[in-house]
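I open this entry to record what I looked up in the structure, topic by topic.

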Amino acid sequence: PTELLLLDEPTNHLDLDALVWLEAWLKRYMGTMVVISHDREFLDAVTDVTLHIEHAKLNRYGGNYSAFETLRSQQLELQQASFSKQQDKIAHLQKFIDRFKAKASKAKQAQSRVKALERMEKIAPVLADADFTFEFKEPQNLPNPMLAITNANLGYSVDGIDKVIVKQVNKSVLAGERIGILGANGQGKSTLVKTIARSIKALSGELTEGKGLNIGYFAQQELDVLHPLDNPLEHMIRLVKELGATPGQSSREQDLRNFLGTFNFTGDMVKQNVGSMSGGEKARLVLCMIVWQRPNLLLLDEPLSALDAIVRVHLRQEIRSLQRKLGVTTIMVTHDQEEALAVADRIVVM
């Protein structure tokens with residue numbers, strides 16, 4: 001048996017049964033476990049110590065993720081209060097120095113305060129991380145229905161032999177619907193989404209698209225839609241060439257750089273090869289490209305697995321408001337039933 005278990009995002013792409021089994025197994029594991037995850041419920045279930053990496057430093061907190069959030073919030077409040085108190089003291093000392101430094105009778109006291117300022121260990125202010133916010137723009141049109149699938153068999157053709165994964169699909173998708181797709185691994189969730197996204201063709205039957213359908217596709221594997229040797233700016237330039245600039249979207253290189261900046265791709269990052277980026281950064285780039293396209297149908301295949309907590313929360317909020325604000329249709333594949341219920345008003349189980 002192992003004594004040390006290292007897990008880097010172990011829950012990515014696990015279906016619900018596998019996730020439940022993994023949690024139960026890890027709770028019984030007797031060795032030391034180090035796990036990286038963006039899934040707070042999973043972390044709460046299996047961890048009792050949290051290591052937080054921030055500003056190139058590693059900080060240890062006793063307790064699971066929820067306990068960490070509480071402790072860190074208290075720590076930040078205390079740090080900000082101490083900083084404010086110290087700033088008041090510094091201002092008071094500086095005022096005395098400025099007032100009396102030229103006065104002979106007070107020069108000694110002024111000099112002692114200068115030394116006190118120099119000796120003082122400065123408390124850093126609480127520097128909030130740059131907020132990550134984005135907003136889907138209104139699409140140019142809203143076909144209704146968005147698409148209709150009739151008597152379709154979905155799957156793959158290998159060496160001329162059809163492998164059917166999903167049989168006899170008859171479904172229509174209306175404007176403004178929020179659809180969650182659930183099912184165990186291998187049931188054809190990604191096959192369905194890839195067929196709608198035009199990545200693969202239906203083996204038989206018909207898929208009829210509404211006029212003006214504009215699909216934004218978040219693939220389960222980011223590199224299905226990314227080029228590892230190209231950088232984010234090259235991805236945006238290629239996107240403009242393929243689709244053309246939509247009304248209200250500028251295709252100037254500087255404007256594309258600025259748009260990437262809103263997704264935290266700043267400075268040299270716009271010229272960094274995608275292949276050298278983290279999974280979360282790749283996912284953010286895919287999201288950036290989707291938002292720029294102003295889609296009227298959003299296809300999300302396990303979109304939350306690689307996103308960090310801040311981006312995850314914001315994407316969830318945006319999905320909830322897309323139908324209400326813009327009439328955009330969303331179809332999301334997920335293994336998380338709570339996630340599906342939070343963002344969908346119609347559930348399809350495969």
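With which residue does Glu253 form a salt bridge? I worked from a predicted model, and in it the partner is Arg257, the closest N and O atoms being 3.5 Å apart. I then placed the two residues: both belong to helix α7, four residues apart, which is about one turn of the helix. I also looked up their accessibility. Glu253 has a relative accessible area of 42% and is therefore partly exposed. Arg257 counts as partly exposed as well, because its relative accessibility is 25%.

**Entry: other salt bridges**

I searched the whole structure for such pairs, and the search finds five salt bridges. One of them joins Glu209 to Arg198, with 2.8 Å between the closest N and O atoms. This pair links distant parts of the chain: Glu209 lies in strand β8 (residues 204–209), while Arg198 sits in the loop between α5 (189–196) and β8, 11 residues away. Glu209 is partly exposed because its relative accessibility is 34%. Arg198, at 47% relative accessibility, is partly exposed too.

I next recorded the salt bridge of Arg238 with Asp230, in which the closest N and O atoms are 2.2 Å apart. Are the two residues buried or partly exposed? Arg238 has a relative accessibility of 23% and so counts as partly exposed. Asp230 has 18%, and since buried means under 20% relative accessible area, Asp230 counts as buried.

**Entry: strand β11**

I turned to strand β11 (residues 329–333) and asked how many of its residues are buried. Five of its five residues are buried, and I noted the strand as mostly covered. Both faces are covered: Thr329, Ile331 and Val333 are buried on one side, and Thr330 and Met332 are buried on the other.

I then looked up the strands that pair with β11. Strand β7 (residues 178–182) pairs with β11 in the parallel sense over four bridges, and Arg178 stands opposite Thr330. Strand β10 (residues 297–301) also runs parallel to β11, joined to it by five bridges. There, Leu300 has Met332 of β11 as its bridge partner.

**Entry: nonpolar cores**

Which residues touch the most other members of the largest nonpolar core? Among its 29 residues, these are Met236, Leu260 and Phe265. Helices α6 (232–243), α7 (253–261) and α8 (279–293), together with strand β10, each supply at least two residues of this core. The largest share, nine residues, comes from α8.

Setting aside its neighbours within four places in sequence, I list Leu256, Phe259, Leu260, Cys288, Met289 and Trp292 as its contacts. Apart from this core lies another, of 23 residues, including Leu192, Leu213, Tyr217 and Leu297.

**Entry: nonpolar surface patch**

Lastly I looked at the surface and asked which residues form a nonpolar patch there. The patch consists of Val49, Leu51, Ile53 and Leu58, which together have about 400 Å² of accessible area. Strand β3 (residues 49–54) gives the most to the patch, with three residues. I located Leu51 in strand β3.

Terms used
Residues numbered from 1 in each chain as written. Predicted model: local features only at pLDDT ≥ 70, side-chain atom pairs only at ≥ 80, totals over all residues. Heavy atoms only, no water. Buried < 20%, exposed > 50% of the residue type's maximum accessible area, 1.4 Å probe, protein only. Pairing = 2+ DSSP bridges. Core = buried A, V, L, I, M, F, W, Y, C linked by side-chain atoms within 4.5 Å. Contact = heavy atoms within 4.5 Å. Patch = residues over 30% accessible without salt bridge, like charges linked within 9 Å, V, L, I, M, F, W, Y side chains within 5 Å. Areas by Shrake-Rupley, 256 points an atom, 1.4 Å probe, with all protein chains shown as cover. Salt bridge = Lys/Arg side-chain N within 4 Å of Asp/Glu carboxyl O.
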